Amino acid sequence: MSTKLQTTMGRRSFVAGMAAAGAALLPANSWADGHGGSSTISESDANILRFLAAAELLETDLWQQYSELGEGNPDYKAALENIDGDMPAYIDGNTNDEFSHGDFLNAFLVQSGRQPVNLDAFRTLPSSQATGAQQIGRLTNLMHLNVDTSYYTRYRSTGNPDFGDTFPQIVEIVDRPAIPLHDGYTPDQIQAIANTAAFHFGTIEQGGSSLYDVMSLKCSALLVLRIVTSIGGTEVAHFEIWNDKAGDTPAVDSGDGLVFPDLSTIAEFPKTLIFPRPCKFISTSLPLCSIIRPTNPDIAGATAAAHGLTNSGLFRGQSEAFFRTLLELARKADAAIRKLG
C-alpha cells in the first residue's frame with residue numbers, strides 16, 4: 001500500500017472517529033473563539049461548511065488521480081513536463097492542499113457538534129488501467145470530460161458573467177480523457193490527454209474560487225466567515241497557477257478530432273495575461289475592477305456548481321443516490337441566510 005493511500009485512509013478513519021466522539025468535545029453547536037468565549041455555529045453555517053467539505057472531498061478524489069498518474073506514469077509525466085517541468089510537483093501540491101481543506105472542514109464540523117460529510121459509500125467508479133493508477137474505487141470520473149475552457153477567454157477579457165456576458169471556448173474538449181486510460185498511446189495522443197488535464201485544472205479551481213466567494217456572503221458567524229474566505233483564497237492561488245499553465249500547453253493534434261492550437265498566435269487572448277483582467281463589477285457606471293467572476297449565486301452558488309460538475313462528465317457512472325446526496329447538500333448551502341447578532 002502506498003504512503004499516499006495509507007495517509008488517505010488514515011484521514012478517513014480520523015474523521016470517522018471524530019464523528020463518533022465529537023459531541024463530547026465541546027458544547028453542542030459552539031466553538032471556543034480563542035479569547036475565553038465561544039462562537040455559535042448555526043445549522044445554516046454548518047450547511048455551508050458541509051457542502052464545501054463535500055466539494056473538497058470530490059476535488060481531493062480527482063486530484064489524487066492526477067497525482068498518481070502524474071508521478072507514476074512515465075509517458076503522462078513527460079507530457080505534463082512538456083507543458084512545464086514543474087507540473088507534477090504543482091499537481092502534488094494542489095492535491096495535498098485539497099486533502100487539508102476536506103480534513104479541516106470535517107474536523108471543524110465535528111468539533112462544533114455538527115455532522116461531517118462522508119462520501120465513502122460512493123467510491124464505486126473504476127480506476128484507470130494505466131501504469132501508476134491505484135486500483136481503488138473513485139468518486140470522480142476523469143475519462144469522459146467536457147472541459148469548459150471559457151475561463152481562459154473570460155479572464156482575459158473585460159466581460160463578466162454576472163452581467164450576462166458569454167465567452168468562447170479556447171479549445172473544444174468534449175468527451176475526452178484527462179488521464180491515460182491505459183498504456184501505449186502515441187506521443188501526440190498522450191500530449192493531448194495532458195493538455196486536456198491542464199485545462200481541466202483551471203476549470204476546477206476557477207469554479208472553486210467563485211463558489212467560496214458566494215458562500216462567504218451567506219456566513220453568519222465571523223469564525224465561519226474566516227474559514228471560508230481563508231480557504232477560498234487558496235482556491236484563487238491555485239487558479240492563478242493553472243490559468244498560467246493552460247497558456248503553456250503545446251499545439252498538438254490528437255489524430256482523432258481534438259486539436260490544441262498554438263495559443264501564442266491568438267492575439268485577442270494573450271497567453272501571458274494570467275491575472276484577472278479588470279472587468280465590469282457591480283455597475284457599468286463604475287470603473288472596471290480586477291475580480292474573481294462570476295459572483296452571482298445563481299451561476300456560482302452550490303447548486304450551480306453541482307450541476308456544472310455533473311454536466312462536465314465528472315460524475316459519469318455515479319448512482320442516483322450520489323446525485324441526490326450532492327444536490328441536497330447544495331440546496332441547503334444555497335438556502336443559508338446570513339444572520340447578524
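1. Contacts of T234. Leaving aside neighbours within four places in sequence, T234 is in contact with D97 and H101, where contact means heavy atoms within 4.5 Å. T234 belongs to helix α7 (residues 222-246); helices are DSSP runs of H or I with at least four residues, strands are runs of E with at least two, and both are numbered from the N terminus. With a relative accessible area of 23%, T234 is partly exposed; buried means under 20% relative accessible area, exposed over 50%, and partly exposed in between (1.4 Å probe, protein chains only). T234 and G208 lie 26 residues apart in sequence and 9.5 Å apart in space, C-alpha to C-alpha.

2. Basis of the model. This is a predicted model, in which local features need pLDDT of at least 70 and side-chain atom pairs count only at pLDDT 80 or more, while totals for chains, interfaces and linings use all residues. Residues are numbered from 1 along each chain as its sequence is written, and side-chain values use heavy atoms, with hydrogens and water left out.

3. Overall composition. The protein chain has 10 helices and six strands. Of its 341 residues, 51% count as buried. Among the contacts in the protein chain with a separation of 6 or more, 76% come from residues 24 or more positions apart.

4. Packing of α2 with α6. The axes of helix α2 (residues 43-72) and helix α6 (residues 187-216) come within 12 Å and cross at roughly 170 degrees. Helix α2 is therefore roughly antiparallel to α6. Axes are lines fitted to C-alpha atoms, for helices over the stretch in contact, and angles run from 0 to 180 degrees between N-to-C directions; angles under 35 degrees count as roughly parallel, over 145 as roughly antiparallel, 65 to 115 as roughly perpendicular and the rest as oblique. On the α2 side, I48, F51, L52, A55, E56, E59, L62, W63 and Y66 take part, and they meet A197, H200, F201, I204, E205, L211, Y212 and M215 of α6. The residues of this contact divide into 13 nonpolar, one polar and three charged. Here Ala, Val, Leu, Ile, Met, Phe, Trp, Tyr, Cys and Pro count as nonpolar, Asp, Glu, Lys and Arg as charged, and the others, Gly among them, as polar.

5. Packing of α3 with α4. Helix α3 (residues 74-83) and helix α4 (residues 87-111) pack at an angle of about 100 degrees, with their axes 8 Å apart. The two helices, α3 and α4, are therefore roughly perpendicular to each other. K77, L80, E81 and I83 of α3 make the contact with M87, P88 and I91 of α4. Five of the residues in the contact of α3 with α4 are nonpolar, none is polar and two are charged.

6. E56 is in helix α2 and counts as buried at 0% relative accessibility. Not counting residues up to four places away in sequence, E56 touches E98, H101, G102, L105, Y212, I231 and E235. A54 is also found in helix α2 and is buried, with a relative accessible area of 0%. With residues up to four places away in sequence left out, A54 touches V117, L119 and L329. A54 and P116 are 62 residues apart in sequence, and their C-alpha atoms are 9.2 Å apart in space.

7. The largest pocket. Its volume is about 770 Å³. On a 1 Å grid over the protein atoms alone, a pocket is an open set of points where a 1.4 Å probe fits, with protein on both sides within 12 Å along at least five of seven lines, and lining residues have an atom within 4 Å of a point. Grid points are joined across faces, edges and corners, and a volume is the space filled by probe spheres set on the points. The largest pocket is lined by 32 residues, of which Q206, G207, A304, A305 and G308 lie nearest its centre. Two or more lining residues come from each of α2, α5 (150-154), α6, α8 (297-300) and α9 (302-311), and α6 gives the most, with nine residues. The lining divides into 16 nonpolar, 12 polar and four charged residues.

8. Backbone points to check. The peptide bond from R293 to P294 is cis, with omega near 10 degrees, and P294 is found in the loop between β6 (259-260) and α8. I282 is in the loop between β6 and α8; its phi is near 70 degrees, a positive value in a residue other than glycine, and at 64% relative accessibility I282 counts as exposed. D175, in strand β4 (residues 173-176), has a positive phi of about 55 degrees although it is not a glycine. D175 is partly exposed, with a relative accessible area of 40%.
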